[in-house]
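I am keeping a notebook on one structure. These entries record what I looked up, in the order I looked.

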Amino acid sequence: MTTLDARPVDKFDDNDQKPIGHGRMLRKEDPRFIRGLGKYCDDIQLPGMLHLAILRSPVAHARIVSVDISAAQAHPKVKAVITGADLAEKGLAWMPTLSNDVQAVLATDKVRFQGQEVAFVVAEDRYAARDALELIDVDYDILDPVVDARTALSPDAAVIRDDLEGKTDNHCFDWETGDEAATEAVFAKADVVVKQDIVYPRVHPAPMETCGCVADYERVDGKLTLWTTSQAPHAHRTVYALVSGLPEHKIRVIAPDLGGGFGNKVPIYPGYVCAIVASLVLGKPVKWMEDRSENLVSTGFARDYIMQGEIAATKDGKILAIRTNVLADHGAFNGTAAPVKYPAGFFGVFTGSYDLEAAYCKMTAVYTNKAPGGVAYACSFRITEAVYLVERIVDCLAYELEMDPAELRLKNFIRPEQFPYKSKTGWVYDSGDYATTMRLSMKMAGYDELRREQAEKRARGELMGIGVAFFTEAVGAGPRKDMDILGLGMADGCELRVHPTGKAVVRLSVKTQGQGHETTFAQIVAEEIGIPPADIEVVHGDTDNTPFGLGTYGSRSTPVSGAAAALVARKVRDKARIIASGMLEVSVADLEWTKGSFHVKGDPTSAVTIQDIAMRAHGAGDLPDGIEGGLEAQICYNPENLTYPYGAYICVVDVDPGTAQVKVRRFIAVDDCGTRINPMIIEGQVHGGLTDGVGMALMEMIAFDEEGNCLGGSLMDYLIPTALEVPDWETGFTVTPSPHHPIGAKGIGESATVGSPPAVVNAIVDALKPYGIRHADMPLTPSRVWDAMQGHPTPP
Ligand code: MCN
Ligand code: CUN
C-alpha cells in the first residue's frame, strides 16, 4: 500500500536538466493541504484574542436615523461596540477604494446596499459578538433603491452617492476606446451588420474560505501585525499605512494559506479596517471572519456588464469591425481593482483574436444599490466580459451568414506573421499561431464527425449543440510606464539566497491562493541554477520577509514574478560563474554551464557544482577580486509588455426538448500559455476554470428583487457547479512562447474561466437553432432555455 509519506513529493531528478515542463511534478504544498494541515486565517489563535462581528444593513437604501447600542454594550462579554459615528470622530469612517473612490467603513449617513457594514461588536468569543449584534437597534428611513442599472441614470432615480460633493445623479464614469468615426465608416460600407444585446450577469467568486483577518497591535513597540485573506499583501500594507497613519515599517501584513481567492481577496474590505481599529483601541488581538452569507451578500462581485455588440462583415464572412456599447453596474462604491488608467479593466481587448479594420467601445458605468466590486472571479481584469462579447457576436454573425462558426473564426484570425500585432484598440499582442491551436481542438473533438452526428439528430428532433470559442487574453500587468494601482507601479521584486550547503530560499512578492506557487517558482529557479526544486523553499505572503510587489491577480504571477524569479536566478548564476572561475583557475569565458555545474570548456571532468560554489561563496579562502562573500541576489522586474495566452474551446451539449435541461456532454480545451512550467498544475488551473465556465453558463447569477434584496445569500440560492454537472475534460495544448518573457511563459490562471462561458452558451444556442434562436442570456437554467424555446426573450 502506498502511504502519503511514501508518495514522492517531488519527482525532480538531479540528473534531469529540465525542471520546467518536466512530467507531472507533484505540488510541494499538497502534503499539508490534503492532510488538513494548511494554516488559514481562522486557524490563528493568539493569547487574549477577542472576536469581532459586523452588523449589516438589512435594506438596500435607507437613511440612518439613529443607532442605539446601549443594550449591546451592556452584554457581559462585550468589550466594545463601535458605530459609524465613532469612526467619523477619528476620521476613519471612510476609506479609499482601489479605484480612487471612497467607501464607507461603517455607514454614517445612509446605507447603500443590503449587507453594508453599519456597526461592529468586539466580544470575548465569536458567539457573544454575534448575539450582541441582535441587541443593536437601528432606525432606518427607507429610500427608493436603484436596482436596475438601466434606470440608474433616469432623472427620477434616487441619488445614491450624495456623500460625494455636488453629486446629483448615479453616474460613475464614462470610458471609450478605439476610433468611433473610423468604425462608423467601416460599418457603413459593410455588406452585413449584426447587432445583439448581450448580458454578462453579476456573479460571485465564491472561494471556499471566506474573508477575514486577525489584527494584533502591540502597544509597546507600536507594531501592527495583520494576518489576512489577501492576494496582495504589500499593496494592502501600503494602503493601511496611508489610511491609518501608522508608519509602514510598523505594519506587517501576513497572508497565510488562502482557501481560494479568485479575485475575492484583492479589495480591502471594511471588516479588515474594523479589526485594525478594534485592536488599536483595545490593545488586544482581534479576529474577524465573515460567514458564507456575509461573503455572498457583501464582498467583491464579478461582471455585471450589459452589452450591446455590433459586428460588420463582408457577405463571405470577412469580419471588418466590432463596436460595442456597455452599461456597467458598479454597485454602491466603485471598488473595482484595476490599473488606474483602465477603469474598465482590460475590456479593451474586445476585438478578440481577429484582424479587424476598426473597433470602438463606449462605456458608461453607474452606481446602484448593490455591493461594490467588479474585478473578480478569474476575469483577467474584465477580459471575461470582452471575450464573451466578441465570441457571442461572432457566433451571431455565423448564424446570419449561415457559416460554420469554426470556419468563420479561421478565416479571420490574426495570422502568425502579423505578430507582434497591434490591435485597433492599441494592445500589442506578443505572439500567437491561432489557426494551429483551433485546428488541433477541432481534430481532438472530431469536429466534422460531430457536425454529422448533429445533423442526424436534428433530423430526429433531438437537440445537440456544438459551441466553438476562441479567446486571447492580455495578462501580466504591467509595464510601469502605463500601469499602476493607486500610484503603485506594477513591478514585482524577487530575492534568492543560496545557503552554504547549496539549498536555496526564494522570496516572492506574489501570493498563491491555490495555484501552486510553492512548486512552480521552485521549478523556475531550479531550471536556471540547477538546484532541485525540492531544495528550494518558496517564501511568500509576508511583507516583513518578502520584497515589495503588487500581488497575485490578473494571472500576473508567472508573467511578472515568474520573470523576476528567472532573472534573479540568472543573476546568482552569473556570480556563481565568477566564483567557479576562481575555483577552477580559468577565465570566466572558458566556463560552460550544464546540469547545475560549471566545467572547463572541452573538459567536462574539471567541474564544480552549484553546491560546491555555494560552499565556497560562504566558506574560508579567497574569492576572485571584487567578489563579496555569499550567493544571493535581488531584483525588481518591470515587464516590457503583457503576455497574450490564448485557446480554442469546443463544447458539446445535449438539450432535453421536453424539460430544457442542458447536459454538457464533452468539452475540448486547447490552451497555449507559452512555455509550460508545470503541466499538471496548468491542467488543474484549466479544469477549475472550465468548471467555472459551466457554472456561469448554466446556473450562476447574483439576483436581486425590486427592493434590492440580494436573492443569493446562501449556496442553496447561489448555485455553483459540482463534479456532477461537468464532463471529463479533454485538454490539449500548443506552445507559442512569449518573446519578451525570460522563459517564454504566459499566464494561464484565468484562461479557462475567460474562454469557457461563450463555448457553453454557443453550444446551447447552436442546439436551439431549430427554434430560430440566435442568442439567449446566461445563466441558461432550464427555465430560461424553456422560455427561449417558447420564443420568450430572457428577462433582464
Ligand atoms: N503556470 C505554469 N506555466 C505557465 C503559466 C502558469 O506552470 N506557462 C502555473 C504557475 O506557475 C502557477 C499557476 O500555473 O502555479 C497559475 O499561474 P498564473 O497564470 O501566473 O496565475 P497566478 O499565479 O497569478 O494566479 C492568479 C489567477 C487568478 S487572477 C485567479 S482569479 C485564480 C487563478 O489564478 N484564482 C485561483 N487560479 C486559481 N486557482 C486556485 N486554485 N485558486 C484560486 O483562487
Ligand atoms: Cu479578475 S480575478 Mo483574479 O484577477 O484575482
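This is a predicted model: local features need pLDDT of at least 70, side-chain atom pairs count only at pLDDT 80 or more; totals for chains, interfaces and linings use all residues.

**Entry 1: a residue in a strand**

Residues are numbered from 1 along each chain as its sequence is written, chains are lettered from A and ligands numbered from 1 in the order in which they are written, and side-chain values use heavy atoms, with hydrogens and water left out.

I placed Ala648 in strand β31, residues 646-655 (strands are DSSP runs of E, at least two residues, and helices are runs of H or I, at least four, numbered from the N terminus). Which residues does Ala648 touch, leaving out those up to four places away in sequence? I listed Thr437, Met438, Ser441, Ala469, Phe470, Ile668, Ala669 and Val670 (contact means heavy atoms within 4.5 Å). I also checked Met464, which is 184 residues from Ala648 in sequence and 20 Å away in space, C-alpha to C-alpha.

**Entry 2: ligand 1**

I found 33 residues around ligand 1, of which Gly261, Gln515, His517, Thr558 and Ile748 come nearest (a residue is near if one of its heavy atoms lies within 4 Å). I sorted this shell into 10 nonpolar, 19 polar and 4 charged residues (Ala, Val, Leu, Ile, Met, Phe, Trp, Tyr, Cys and Pro count as nonpolar, Asp, Glu, Lys and Arg as charged, the others, Gly among them, as polar). Helices α13 (517-529), α14 (557-584) and α16 (679-698) each supply at least two residues of the shell.

I then looked at polar contacts (pairs of N or O atoms within 3.5 Å). A backbone N or O atom of Gly261 is 2.6 Å from an oxygen atom of ligand 1, and a polar backbone atom of Gly749 is 2.8 Å from an oxygen atom of the ligand. Ligand 1 taken alone exposes 840 Å², and the protein buries 95% of that (Shrake-Rupley method, 1.4 Å probe).

**Entry 3: ligand 2**

I noted the residues surrounding ligand 2, among them Phe262, Val375, Tyr377 and Cys379. By class, this shell has 7 nonpolar, 4 polar and 1 charged residues. A polar side-chain atom of Glu750 lies 2.8 Å from an oxygen atom of ligand 2. For Gln231, a side-chain N or O atom is 3.0 Å from an oxygen atom of ligand 2.

How values were computed: A polar contact is a pair of N or O atoms within 3.5 Å; within protein, one must be able to donate a hydrogen and the other to accept it, and residues adjacent in sequence count only if both atoms are side-chain atoms.
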